[in-house]
Amino acid sequence: MLEQLFIDKGNAYLLKSKDLRSTEPLHSLKFMYLAKDYFVRAMLEDNVNVRYAGYAQYKELQKESWDFALNMIANSGHGADSGSSGSVSDVEMSDDDWPNESIVKSNHKFDDIIGYDYIKEKFKVHMIYPMVCDMPFKINAPNTILMYGPPGCGKTFFIGALSNEIPDGDVYYIDASNILSKYYGETSRNLSQIFSKVKENKNNVLFIDEIDALSMTRDSNDPVSNRTLSTLLTQIDGIDKADINLIAATNRPDLIDSALLSRFNSMLYVGPPDKKEKEFIFDLEINKQIEGHMPDLVVADIAHYMCDKELGGLKYSGRDIRRIVTNVLEIASIDYVVNGSFCIDNKLFYQMIDESIPGISSKSLEIYDDFRI
Ligand SMILES: Nc1ncnc2c1ncn2[C@@H]1O[C@H](COP(=O)(O)OP(=O)(O)O)[C@@H](O)[C@H]1O
Ligand SMILES: [Mg+2]
């Protein structure tokens, strides 16, 4: 049976093509263990978020050199891009001479995120209200929030929106796997520098994406990783006095070191969208991606059809929905150019849904259930 390794920036999946349901989510960090940091580095250098690789090649990768990894990534090409990983999606990173983090610039706001009202509320209470209103009291607890949940459900997207909601202060973004692999050996120093920089303005927010990459270290005998975790803990403890806000995100809360976990005041679950939310995300993406009115579409029925496809605990994410809308547009464009006509209707959406695999496996959802207990 042909097996494929599907990799995206924060996640990797072993695809068994005969039975797509058996897709198993692995995590990039496992790759750092399996393939040292070659693979993560290769992805970063290649600057492409999603690639496919043969399983045999992947095994080779564990033995082979950095050059091999780069080569393999460059030449692998079962072609299909699954859509961008979206981990920084429409969050634009500004150029900065700072090597490891960037100030988030984005053009969306909380209203562009469907659902998750409890998370928006939390951000407002802890970060926005104190900036816009002279509060008669101050919440003294450090603002440390961990967002966790399956890939593609909007964790990173939230940060772009937050950057547009806070009136005074910047949101700094760092990708933990990036900082660990690309600047291996200097990670600890870089982390301290980033915290210092963010602390320059008490209204700044630091967002650490895929934070498990920085914290999965107690098990390892790697001194660099252990030092990184210690630095991170010390820096977070310093937040209390500095008054800044820390938000972190992860798909794998179960891998996070318990000392680090205990530093987060709030842990917020960002789960898969329900039927109504799917409908709204479809609506949003259709409006975003298609100019012009689509009178033939009954979006509620598309969301309904999608829910019916979620068998065996598999779930579609917001990112899956975005990709399906893109796929529909691709087909319509080809039709228009080749045949001179096109039709964007529910049937075409159903067809694209039939051809897609939900990005969230039931196994991965179990992780979050266990974590919540
Ligand atoms: N609730 C949502 N509302 C609107 N768009 C969403 C939502 N969830 C996901 N998306 C879309 O999916 C993309 C991927 O989400 P992302 O934030 O990268 O996921 P995560 O960080 O949780 O893996 C986003 O850029 C956005 O376009
Ligand atoms: Mg993300």
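These are my notebook entries on a predicted model of one chain.

**Entry: ground rules**

I number residues from 1 along each chain as its sequence is written, and I letter chains from A and number ligands from 1 in the order in which they are written. Because the model is predicted, I take local features only at pLDDT of at least 70 and side-chain atom pairs only at pLDDT 80 or more, while totals for chains, interfaces and linings use all residues.

**Entry: confidence**

I checked pLDDT, the predictor's confidence in each residue, from 0 to 100. The chain has a mean pLDDT of 73, and 67% of its residues reach 70 or more. Helix 1 (residues 28–34) has the lowest confidence, at a mean of 30. Helix 13 has the highest, at 96. Over residues 1–100 the pLDDT is below 50. Beyond near neighbours in sequence, this stretch still has 169 contacts in the model. A contact means that two C-beta atoms, placed from the backbone, lie within 7 Å. Where pLDDT is low, the predicted coordinates should not be read in detail.

**Entry: the whole chain**

I found 16 helices and eleven strands. These are DSSP runs numbered from the N terminus: helices are H or I with at least four residues, strands are E with at least two. Of the 373 residues, 42% count as buried. Buried means 20 or more other C-beta atoms within 10 Å of the residue's own; exposed means 12 or fewer; partly exposed lies in between, with C-beta atoms placed from the backbone. I also looked at contacts between residues at least 6 apart in sequence: 77% of them join residues at least 24 apart.

**Entry: strand 7**

How many residues of strand 7 (residues 143–148) are buried? Six of the six are, so the strand is largely enclosed by the rest of the structure. In a regular strand the side chains alternate between the two faces of the sheet. I checked both faces here. Asn143, Ile145 and Met147 are buried on one side, and Thr144, Leu146 and Tyr148 are buried on the other.

Next I looked up its partners. Two strands pair if DSSP finds at least two bridges between them. Strand 7 runs parallel to strand 10 (residues 245–250), with six bridges. Asparagine 143 stands opposite asparagine 245, and methionine 147 stands opposite alanine 249. Strand 7 also runs parallel to strand 11 (residues 266–269), with four bridges. There, leucine 146 stands opposite methionine 267.

**Entry: strand 10**

Strand 10 is mostly covered, with six of its six residues buried. Asn245, Ile247 and Ala249 point one way, Leu246, Ala248 and Thr250 the other. Strand 10 also takes four bridges from strand 9 (residues 205–209), again in parallel. Leucine 206 of that pairing stands opposite leucine 246.

**Entry: serine 230**

I located serine 230 in helix 10 (residues 223–242). Is serine 230 buried or partly exposed? I counted 13 other C-beta atoms within 10 Å, so serine 230 is partly exposed. Alanine 259 is 29 residues away from serine 230 in sequence. In space the two are 9.8 Å apart, C-alpha to C-alpha.

**Entry: helix 15**

Which residues of helix 15 (residues 346–354) are buried? They are Leu348, Phe349 and Ile353. The buried residues pack against helix 13 (299–308) and helix 14 (318–339).
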